[in-house]
Amino acid sequence: MPNANRNSSGQWPRSWPQRRRPYTQRFRDTLIKDYLACKPNKGQAVELVNASYLRTCEQDDASATGDRALESCQLRYGKPCALLAVNEEIVAEGELASRDMPRLHYAGKYDLSQIPIIRRITQQRPDVQNYDKAMEPKAIAIHPWGKLFISAGDPSLKDAQTSALAKCNSDPARNGRDGGCFVYAINNDIVLDERRMQAK
């Protein structure tokens, strides 16, 4: 998303959504600066209703980056998003179109292939690989950055959810950026589509 993709008056391309109260030039410049500073493989997506942007950085490969950016954006904002850029390529030409990402709606039993957003290094963690066999009560919390936090062997399901969410929301690497965490799994049942941000 280089500066060349703004026009000579410093405005966003017409295809880029605007809020009813327009963004300031400072916000626009910061959005571009932060994207350029983001390490490859990276992607930028936008939730069109409120013109809310979200980027993802350091993905495993370019072929997965677009879908992970869309999943991350949809989890963060609760609505399907449109893809704007992958690495230095603007992928949206003309009118933007949102894509509803199916893994955000998966509601079956724990299946490693159905976990959205996460990188290969997270998929390969022993606690993620073997979560279905972990001691119950247990729960997983997920953040739109694709970070997973697991709690197992807790006194109750509510305790497991509370513990997983607390670990996720207090993650020092994120320091509160890009919103809160969601309950992904309760025991081996996937509940992400409920968008729980509190234990119940």
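Biologist: What share of the contacts in the chain with a separation of 6 or more comes from residues 24 or more positions apart, and what makes something a contact?

Modeller: Residues 24 or more positions apart account for 54% of the contacts with a separation of 6 or more, where a contact means heavy atoms within 4.5 Å. This is a predicted model, in which local features need pLDDT of at least 70 and side-chain atom pairs count only at pLDDT 80 or more, while totals for chains, interfaces and linings use all residues. Residues are numbered from 1 along each chain as its sequence is written, and side-chain values use heavy atoms, with hydrogens and water left out.

Biologist: How many helices and strands does the chain have, and what makes a run of residues count as one of them?

Modeller: The chain has five helices and eight strands; helices are DSSP runs of H or I with at least four residues, strands are runs of E with at least two, and both are numbered from the N terminus.

Biologist: Why is the aromatic pair of Tyr110 and Tyr131 called tilted?

Modeller: A search of the whole structure finds one aromatic pair, and its rings, those of Tyr110 and Tyr131, lie 4.9 Å apart centre to centre with 55 degrees between the planes. Rings of Phe, Tyr and Trp (its six-membered ring) pair if their centres lie within 6.5 Å, with planes under 30 degrees apart counted as stacked, over 60 as edge-to-face and the rest as tilted, so the 55 degrees here make the pair tilted. The pair links distant parts of the chain, since its members are 21 residues apart, with Tyr110 in the loop between strand 4 and helix 3 and Tyr131 in the loop between helix 4 and strand 5.

Biologist: Why does Tyr110 count as buried, and what is the relative accessible area of Tyr131?

Modeller: Buried means under 20% relative accessible area, exposed over 50%, and partly exposed in between (1.4 Å probe, protein chains only). Tyr110, at 12%, therefore counts as buried, and Tyr131 is buried with 0%.

Biologist: How do you know that Lys138 lies over the face of Tyr131?

Modeller: A charge sits over a ring if NZ of Lys or CZ of Arg is within 6 Å of the ring centre and within 35 degrees of the ring normal. Lys138 is at 4.5 Å from the ring centre of Tyr131 and lies over its face, and Lys42 lies over the face of Tyr35 at 4.8 Å.

Biologist: Which peptide bonds are cis?

Modeller: Among them are the bond from Pro40 to Asn41, with omega near -5 degrees, and the bond from Glu136 to Pro137, also with omega near -5 degrees. Asn41 is found in the loop between helix 1 and strand 1, and Pro137 in the loop between helix 4 and strand 5.
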